[in-house]
Amino acid sequence: GLWLARETGLPVAFSGGTGHAQEGSTTEAKVAAKIAADEFGRPIRWVESESRDTRENAALTMALLKPAGINHVVLVTNGYHMPRALVEFSHAMPETTLIPFAVVGDKWREEPWWTSGATLRLLLSEYVKYVAAEVRVRLADAGIDVMPEILDQPPQAPRRPATAQAN
């Protein structure tokens with residue numbers, strides 16, 4: 001994404017918190033902002049560091065870009081993640097033209113995906129999350145909101161399973 005911004009001169013928004021499992025660690029967006037400034041000499045204009053997942057990436061990025069009048073976005077993410085990212089960003093930013101720009105990491109180039117158990121698990125996990133996102137968005141479009149809007153809800157502490165609460 002930073003390379004693309006340098007080549008085109010377009011401003012950059014970066015979305016990435018810590019994820020659900022790593023709360024309290026340095027956010028992806030803060031790391032990216034440092035790399036953008038130190039290694040590319042190019043600041044990131046919009047930094048969103050509160051999100052924990054792709055759905056929150058989309059909703060919180062929309063909240064930053066909409067007041068700035070942004071209506072065209074080049075969406076940069078890993079190729080395996082792009083289908084779900086497009087679902088989430090299209091839902092959060094329906095008036096925005098999204099231009100997908102998928103990237104492929106070096107590890108993906110070095111070995112066929114079907115030879116790695118970890119890669120196969122990642123792809124299967126991503127596919128399940130993609131299907132769940134599609135179902136949730138289509139239900140929401142039909143007026144059935146199975147999950148409240150992120151921006152309307154205060155952050156909640158993680159729930160412990162009932163078995164953990166009983167002990």
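So, salt bridges: the count here comes to six. Keep in mind that we're looking at a predicted model. And the general idea is simple: side chains with opposite charges can pair up when their charged atoms come close.

Okay, start with Arg84. Which residue does Arg84 form a salt bridge with? Its partner is Glu126, and the closest N and O atoms are 2.7 Å apart. Now look at where these two sit: Arg84 is in helix H4, residues 82-92, while Glu126 is in helix H6, residues 117-141, so this pair ties together parts that are 42 residues apart in sequence. Are they buried or exposed? Arg84 has a relative accessible area of 10% and Glu126 has 5%. The cut-off for buried is under 20%, so Arg84 counts as buried, and so does Glu126.

Next up, Arg136 and Glu88. Their side chains meet in a salt bridge too, at 2.4 Å from N to O. Here Arg136 belongs to helix H6 and Glu88 to helix H4, so the pair links parts 48 residues apart in sequence. As for accessibility, Arg136 comes out at 8%, which is buried, and Glu88 is buried as well, at 6%.

Last one for today: Glu56 with Arg52. This salt bridge has an N to O distance of 2.4 Å. What about burial on each side of it? Glu56 is buried, at 6% relative accessibility, whereas Arg52 is partly exposed, at 26%.

So, to recap the helices: Arg84 with Glu126 ties H4 to H6, and Arg136 with Glu88 does that as well.

Definitions and conventions: Residues numbered from 1 in each chain as written. Predicted model: local features only at pLDDT ≥ 70, side-chain atom pairs only at ≥ 80, totals over all residues. Heavy atoms only, no water. Salt bridge = Lys/Arg side-chain N within 4 Å of Asp/Glu carboxyl O. Buried < 20%, exposed > 50% of the residue type's maximum accessible area, 1.4 Å probe, protein only. Helix = DSSP H or I, 4+ residues; strand = E, 2+ residues; numbered from the N terminus.
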